[in-house]
Amino acid sequence: MADRKLKIDIRRDQILRQLRQEGRVSVTRLSEMLGTTEVTIRNDLSALERDGFLMRVQGGAVPLPGRESSGLPDQELSHPSEKQAIASAVAKMIRDGDTLFINSGSTTACVAEALKSRKNLKIVTNSLAVATQLGDVSTLRVLLLGGEINVRYGFTYGSAAQEQLGRFQAAWAILSVDGISPAGGITTYHEEEAILDRMMIDSAERTLIVADGSKIGRAGFNRVCECGRKLTLVTNRCELNETVGQLQECGVQICYV
């Protein structure tokens, strides 16, 4: 039984590696490459989708919006220069002494690195990466929300995290998201984190959505909130002028970097 489980894990790791390289995989091609049936491949893809590694589409699978497809540690950011520019812009908006809510995500991890230049910040986060990056900065005070842990994506969630978060208010909520669109609103893949995102928005004076141009016009699985006047989108300039215009019509302020 253990040997069978190992073979399954190896095959699924190969599927994820192929998805990382190609950006899309097909059932037929994977079946040929891995020497197994299409039924087995479909079962593998369904299991990987349930575990949050990919998204099924007709005939195959694609990476989750805004998430890395590999089961390996995420060492290479997608759109790294854009995310670093966004992070730098956010750090300039924040004043010393501000109180911040920060959720999990590759862009907010970049923001955390940029915030090391600020002083006397109070930061409440459910992101293990953000807490690790800023926890040893002597001029910052960081609270990591307790609760259950999503080890794969590095965030805490659940009723304990919600109860803790409910005690605080902040000047800013800084949120990394999987999609922002006029019709879909602010969206993310994980339902359990969407609840915390919503609470952060409700308890903050202002909200910064930090998202590179690839997230604009996209709709993730779980809706956090509609697009409105309380939101400022910090993003790089992209070719989606019509969509950006529609976001502005909804009341979203746009800050280009």
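Q: In this predicted model, what makes Thr-187 and Thr-188 contacts of Gly-220, leaving aside its neighbours within four places in sequence?
A: Contact means heavy atoms within 4.5 Å. Leaving aside neighbours within four places in sequence, Gly-220 is in contact with Thr-187 and Thr-188.

Q: Where is Gly-220 placed?
A: Gly-220 sits in the loop that runs between strand S12 (204-210) and strand S13 (222-225).

Q: Why is Gly-220 called partly exposed?
A: Its relative accessible area is 23%. Buried means under 20% and exposed means over 50%, with partly exposed in between. The value for Gly-220 falls in between, so the residue is partly exposed.

Q: How far apart are Gly-220 and Ile-123 in sequence and in space?
A: The two residues are 97 residues apart in sequence. In space, their C-alpha atoms are 26 Å apart.

Q: What makes strand S9 largely enclosed by the rest of the structure?
A: Strand S9 covers residues 170-176, and seven of its seven residues are buried, so the strand is largely enclosed. Buried here means a relative accessible area under 20%.

Q: How do you know that S4 and S9 pair?
A: Two strands pair if there are at least two bridges between them. Strand S4 (residues 99-102) and S9 have three bridges, so they pair, and the sense is parallel. Ile-174 in S9 is the bridge partner of Ile-102.

Q: How do you know that S9 and S12 pair?
A: There are six bridges between S9 and S12, against a requirement of at least two, so these strands pair, in the parallel sense. Here Ile-174 has Leu-208 in S12 as its bridge partner.

Q: How many helices and strands does the protein have?
A: The secondary structure comes to nine helices and 15 strands.

Q: How do you know that the radius of gyration agrees with that of a compact globule?
A: For 257 residues, a compact globule would have a radius of gyration near 18 Å. The protein has 19 Å, which agrees. Its C-alpha atoms fill a box of roughly 60 × 45 × 30 Å along the principal axes.

Q: What share of the residues is buried?
A: Buried residues make up 48% of the 257 residues.

Q: What share of the contacts with a separation of 6 or more comes from residues 24 or more positions apart?
A: Such residues account for 60% of those contacts.

Q: How many positive and negative side chains are there, and how far apart are the centres of the two sets?
A: The protein has 31 positive and 31 negative side chains. The centres of the two sets lie 2 Å apart.

Key:
Residues are numbered from 1 along each chain as its sequence is written. This is a predicted model: local features need pLDDT of at least 70, side-chain atom pairs count only at pLDDT 80 or more; totals for chains, interfaces and linings use all residues. Side-chain values use heavy atoms; hydrogens and water are left out. Helices (H or I, at least four residues) and strands (E, at least two) are DSSP runs, numbered from the N terminus. Buried means under 20% relative accessible area, exposed over 50%, partly exposed in between (1.4 Å probe, protein chains only). The radius of gyration is taken over C-alpha atoms; the globule rule is 2.2 Å times the number of residues to the power 0.38. Lys and Arg count as positive and Asp and Glu as negative; His and the chain ends are not counted. The place of a charge is taken as NZ of Lys, CZ of Arg, CG of Asp or CD of Glu.
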